[in-house]
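Dear colleague,

I am handing over the structure that you will find just below, with the sequence alongside.

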Amino acid sequence: MHTLAQKIIARAAGRETVQPGEIVTCRVDLAMSHDSSGPRRVAPMLDSLGAKVWDPDRYVIVTDHYVPAEDKDSQQILRFTRDWVRDAGIRHFHDEEGICHVVLPERGHVRPGMLIVGGDSHSSTGGAFGAYMFGIGATEMLGVLVTGEIWLKVPGTILIEWMGRFPDGVSAKDAMLFLCGKLGMDGGQYQAVEFAGEAVAALEMQERMTLANMAAELGAQAGLVAPDATTRAWLHAAGAADGPDADWHTDPGAPLLAHHAFHASALAPQVAAPHSPANAGPVEGASGQEIDTAYIGACTGAKLADLRMAARILRGRRVAAGKRLLVAPASLRDQQAAQSEGTLHALADAGAQILPIGCGACAGYGQFRFADGERVISSTARNFKGRMGADSSQVWLASPYTVAASAVAGRITDPRPLLEESR
Amino acid sequence: MSARVWKFGDGVDTDVMAPGQYMKLPIAELAMHCLEAVRPDFAGGVCEGDILVAGRNFGIGSSREQAPQALKALGIRAVLAQSFGGIFYRNALNLGLMALVCPDIGGIPDGAAIAVDPVAGRILLPQQGLTLPCEPIPGFLMAMVEDGGLLPHLKKQLAQQQKDKEKTE
């Protein structure tokens, strides 16, 4: 009896089984980098070793951090990335097509049972598809690119079960903020967190991606959801080839590090106060807090599913006078889908500014940084001090429903009465 | 040994060590902004060989290795913490920066003189007359740290492979 994480790692390590705590060397099925941690950082190191990428078909590059290029340095970083990709013979290059964590599965690169490393902490997002995917730094990526291998300590599994169903107006983001508040940002102990239960089974893929994405905020190495019919249908639509052939799930009775069970139906929308996702609690606690800006962006907060949540609130309403709502869609495909179905129009009609796709304000790199003392409610993953702007700016985290509702009210607001009214 | 303690609390994240807006800069310039949001006197005051001591979950957040790189560029030789963010821990060792898990940091005052023995897993505070245990770094990783990090370690390995190949030919 083994966990999903153990099964994937055993396969990648070429072993029948592995046990938690063992240190093993794994073959890497796929590596992913973006423009910040990728070529500009690894290329000089590869050169100094006189080495080449072990398998250019297995290294996917995405530009998303310095996009759009706001200054000369950013332009140079993107230019360097493009030139290097061409010279190194990298076949899978997604240039300004969206945020890496969203683009990777959208283009069929992530499949169940794979072991994948990414040059970004939110690489755990791939776990939504039953892949063991985790973030590493540029030097460790160099090691992978030279050898095609990586060591890891076989993790224990912390099973998080959501029983019942999430109520309307409560989303995967609320579930993750709740868990950050409950378990803390080291609750994941750099182990594998696996999400299960009726409520998770009922979630669409992009909502599952939000769960796996924010496993990083729990301090887990990976966040996993066992693949099922929903996963297979999504991958089929994305044109993904079949993954390694096996039944990827945690066996009943497999030894777990911990098992937490929560009632999804009892969960209220959550808000995390500055400056930590662990400062989370029910929306009532922050209700009435005045905001200046509402921000819908990032891999964990501006996918098509997230834009649709915001549009449900904003249809027929307006952003409060004197406040601003910024929306940076997570990928080109999601933006186009939102455009053709009218979702984007609903956001713009309500007074939202639609920003270019990419990481936007989330990583604090570009031109959309927040001012001294600016109060922001954001659908992103982290509200660390100074991350998205001035050290004195304040960021509250919430679901796209709650961010949109707060934009309408001009203060932090429970989205559920607005959804009720819209019905 | 003139190493001095720079003490921090729980949950120090990588964004405050390597702020996003300075990520385009060369590491020496980025390092001047390291931890300024939580301790403005840090980057200007650190001396070569100093030791950073922190609470739980040091280095939570981004995978950007400019965070441990900035500490190293400023001269920090080792980080002692009750626990680490997993990616930061791996990054630190890959860059040749010692990261030591030290469960009991309560008695270590800011500014204290300190000596670290990573192989024995021991921390010495002569002024306080304290000896504290720390978890040693696993052997295969310590070998990499002693080589100065993964890049020089790989260089050494590749050179060895080349030598072995020449011998057999």
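**The interface between the chains**

Between them, chain A and chain B bury about 3,200 Å², and 56% of that area is on carbon and sulfur atoms. Please keep in mind while reading that this is a predicted model. To the contact, chain A brings 42 residues and chain B brings 32 residues. Six salt bridges are found by the rule across the interface of chain A and chain B. As for a salt bridge that you can look up directly, the side chains of A:Asp186 and B:Arg56 meet in one, at 2.7 Å from N to O.

The largest pocket has a volume of about 680 Å³. Its lining is made up of 30 residues, and those closest to the centre of the pocket are A:Lys153, A:Gln189, A:Tyr190, B:Tyr89 and B:Val101. At least two lining residues each are supplied by strand S7 (149–153) of chain A and, on the side of chain B, by helix H5 (86–94) and strand S4 (98–101). Sorted by class, the lining of this largest pocket holds 15 nonpolar, 11 polar and four charged residues.

The second largest pocket has a volume of about 440 Å³. It is lined by 18 residues, of which A:Thr147, A:Trp151, B:Leu150, B:Leu154 and B:Gln157 are the closest to its centre. In chain A, helix H5 (138–147) and S7 each give at least two residues to this lining, as do helix H6 (139–146) and helix H7 (150–168) in chain B. The largest share, six residues, comes from H7 of chain B. By class, the lining of the second largest pocket divides into nine nonpolar, seven polar and two charged residues.

**Cavities**

When the whole structure is searched, three cavities of 30 Å³ or more are found. The largest cavity holds about 240 Å³ of space. Among the 28 residues that line the largest cavity, A:His34, A:His65, A:Asp120, A:Ala363 and B:Ser62 are the closest to its centre. The lining of this cavity consists of 10 nonpolar, 12 polar and six charged residues.

For the second largest cavity, the volume is about 140 Å³. Of its 18 lining residues, A:Ala216, A:Ala220, B:Gly61, B:Gly86 and B:Ile87 lie nearest the centre. Strand S6 (132–135) of chain A and H5 of chain B are the elements that give two or more residues to this lining, and the largest share, three residues, comes from H5 of chain B. The lining of the second largest cavity is divided into seven nonpolar, 10 polar and one charged residue.

Is A:Thr17 buried, exposed or partly exposed? A:Thr17 counts as partly exposed, because its relative accessibility is 34%, a value that falls between the cut-offs of under 20% for buried and over 50% for exposed. Leaving aside residues up to four places away in sequence, A:Thr17 touches A:His2 and A:Ala10. A:Leu49, by contrast, is 32 residues apart from A:Thr17 along the chain, and the C-alpha atoms of these two residues are separated by 34 Å.

With best wishes

Terms used. Residues are numbered from 1 along each chain as its sequence is written. Chains are lettered from A and ligands numbered from 1 in the order in which they are written. This is a predicted model: local features need pLDDT of at least 70, side-chain atom pairs count only at pLDDT 80 or more; totals for chains, interfaces and linings use all residues. Side-chain values use heavy atoms; hydrogens and water are left out. On a 1 Å grid over the protein atoms alone, a cavity is a set of points where a 1.4 Å probe fits but cannot get out, and a pocket is an open set with protein on both sides within 12 Å along at least five of seven lines; lining residues have an atom within 4 Å of a point. Grid points are joined across faces, edges and corners, and a volume is the space filled by probe spheres set on the points. Helices (H or I, at least four residues) and strands (E, at least two) are DSSP runs, numbered from the N terminus. Ala, Val, Leu, Ile, Met, Phe, Trp, Tyr, Cys and Pro count as nonpolar, Asp, Glu, Lys and Arg as charged, and the others, Gly among them, as polar. Buried means under 20% relative accessible area, exposed over 50%, partly exposed in between (1.4 Å probe, protein chains only). Contact means heavy atoms within 4.5 Å. Buried area is the accessible area (1.4 Å probe) that two parts lose on being put together, summed over both. A salt bridge is a side-chain nitrogen of Lys or Arg within 4 Å of a carboxyl oxygen of Asp or Glu.
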